[in-house]
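Please look over the strands, their pairing and the aromatic contacts of the model shown here. The briefing below is arranged by topic for reading alongside the structure.

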Amino acid sequence: MLKRRTFWIIAVVVLLAAGLLLAKRKSQGTTAAANATTAATVSASTAVQVLEFLPADITEVKTAEVRKLLVLSGALRAVNQAAVKAKVAGDITEVLVREGEAVQAGQILVKMDSSDYLARQEQARGALAAAQGQLEIARTARDNNRALLDKSFISKNAYDNTNNQYAIAVANVDSAKGALAVAQKALADTVIRAPINGMVSSRMVQPGEKISPDNRLLDVVDLRVLEMEAPVPTQDIASIRIGQAVQLKIEGVTAAVEGKVVRINPSTTAGSRSIMAYVQVANPDTVLRAGMFGEAQLVVDKKSDVLTVPDTAIQYEAEQAFVYAIENNVLQQKPVKLGLRGDSKGQTVVEITAGLTPDARIVKANLGRLRAGVAVKLITATGKV
């Protein structure tokens with residue numbers, strides 16, 4: 001019994017000792033972790049901050065020409081175009097052209113069955129011959145009666161009757177001539193010719209079809225001169241004038257195309273409140289085609305040899321514009337005054353009238369708000385410089 005009690009006392013003492021040792025080690029670990037965190041915080045707070053930029057993020061302030069552009073857009077169309085229509089009814093016997101073929105003014109495009117119109121012409125010619133025969137008879141009778149009247153062999157009334165018959169015969173001849181001209185014109189209209197030089201853009205008829213007058217058969221366009229109809233906002237209409245030079249970028253054409261403003265509509269377009277301007281483009285090689293979409297750039301204002309920065313470099317604090325400049329490898333926030341905003345060699349730039357000097361280095365990309373006074377380093381492919 002005594003040995004058992006001694007065993008339990010020894011076990012309790014061992015357990016208490018183990019618990020005290022474990023608690024001490026845990027306390028020491030927590031203190032060490034806290035001390036390490038404090039040391040890291042102090043180290044971070046005392047480290048020198050450095051902003052790193054890629055060379056593509058930095059640019060130098062340069063003098064350049066700034067152009068304020070008014071951008072218009074629209075589709076090209078031929079200035080000279082013609083719808084070829086039937087003038088008489090009949091059956092189509094031949095269509096001599098297809099889409100894309102070049103034609104000359106007066107060239108035969110379509111032929112119709114002319115047998116009916118040829119018969120009408122011959123009928124009209126016969127009627128004219130009969131009328132002319134009646135005219136000769138009336139003329140002879142009038143002349144004879146005039147001689148008889150001079151000798152008092154007939155009355156004045158008898159002579160007037162023959163003279164009236166002569167006048168009627170003259171009118172009948174004139175009418176027959178008109179009918180013959182109409183028949184000849186109808187016969188000629190069975191052969192349909194190109195009204196202008198150009199190219200066939202569409203064909204709506206096939207041989208064997210029966211057509212009526214005013215049926216649309218073909219479309220012919222002259223591509224040597226094109227124009228673009230472009231809507232201009234009313235607030236910008238004062239910026240354009242007739243004869244103004246225009247640069248066009250045509251969809252599918254790499255090189256810029258020169259044009260000029262040739263007309264300005266005197267009234268606004270209903271609904272859009274815009275005003276149509278017409279830009280004409282010479283196209284002697286017929287490289288451009290009707291229907292191509294184009295974008296026209298009109299220079300409405302221009303300044304040369306002014307300080308410029310990319311539009312993306314400008315930031316604002318309240319209403320004050322500023323840029324981030326790098327001076328002595330330190331980032332600085334520089335307030336600037338802005339001038340003309342526009343295009344320079346295809347890039348959107350802003351004129352700087354005050355706040356920067358030529359060759360100043362600035363951050364050209366909008367990277368958000370940065371901390372002024374921080375050291376700056378550039379990163380290259382090989383490392384930091």
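Two strands are taken to pair if DSSP finds at least two bridges between them, and the elements themselves are DSSP runs numbered from the N terminus, with helices (H or I) of at least four residues and strands (E) of at least two. This is a predicted model, in which local features need pLDDT of at least 70 and side-chain atom pairs count only at pLDDT 80 or more, while totals for chains, interfaces and linings use all residues. Residues are numbered from 1 along each chain as its sequence is written, and side-chain values use heavy atoms, with hydrogens and water left out.

- Strand β12 (residues 257-268) pairs with strand β11 (residues 245-250) in the antiparallel sense over 4 bridges, and Leu248 stands opposite Val257 in β12.
- β11 and β12 form a hairpin with 6 residues between them, and in its turn Gly252 has a positive phi of about 90°.
- β12 is also joined by 5 bridges to strand β13 (residues 274-282), with the two running antiparallel, and here Val261 stands opposite Val279 in β13.
- The hairpin of β12 and β13 has 5 residues between the strands, and Gly271 takes a positive phi near 95° in it.

- Strand β6 (residues 108-112) pairs with β7 in the antiparallel sense over 3 bridges, and Val191 in β7 is the bridge partner of Lys111.
- In general, strands of a sheet pair through backbone hydrogen bonds, either parallel or antiparallel.

**Aromatic rings**

- Rings of Phe, Tyr and Trp (its six-membered ring) pair if their centres lie within 6.5 Å, and planes under 30 degrees apart count as stacked, over 60 as edge-to-face and the rest as tilted.
- By this rule the count comes to 1 aromatic pair: the rings of Phe322 and Tyr324 have centres 5.3 Å apart and planes at 85°, so the pair is edge-to-face.
- Phe322 is buried, with a relative accessible area of 2%, and Tyr324 is buried with a relative accessible area of 2%, where buried means under 20%, exposed over 50% and partly exposed in between (1.4 Å probe, protein chains only).

**Charges over rings**

- A charge sits over a ring if NZ of Lys or CZ of Arg is within 6 Å of the ring centre and within 35 degrees of the ring normal.
- Arg142 lies over the face of Tyr166, at 4.0 Å from the ring centre, and Arg263 lies over the face of Tyr278, at 4.3 Å from the ring centre.
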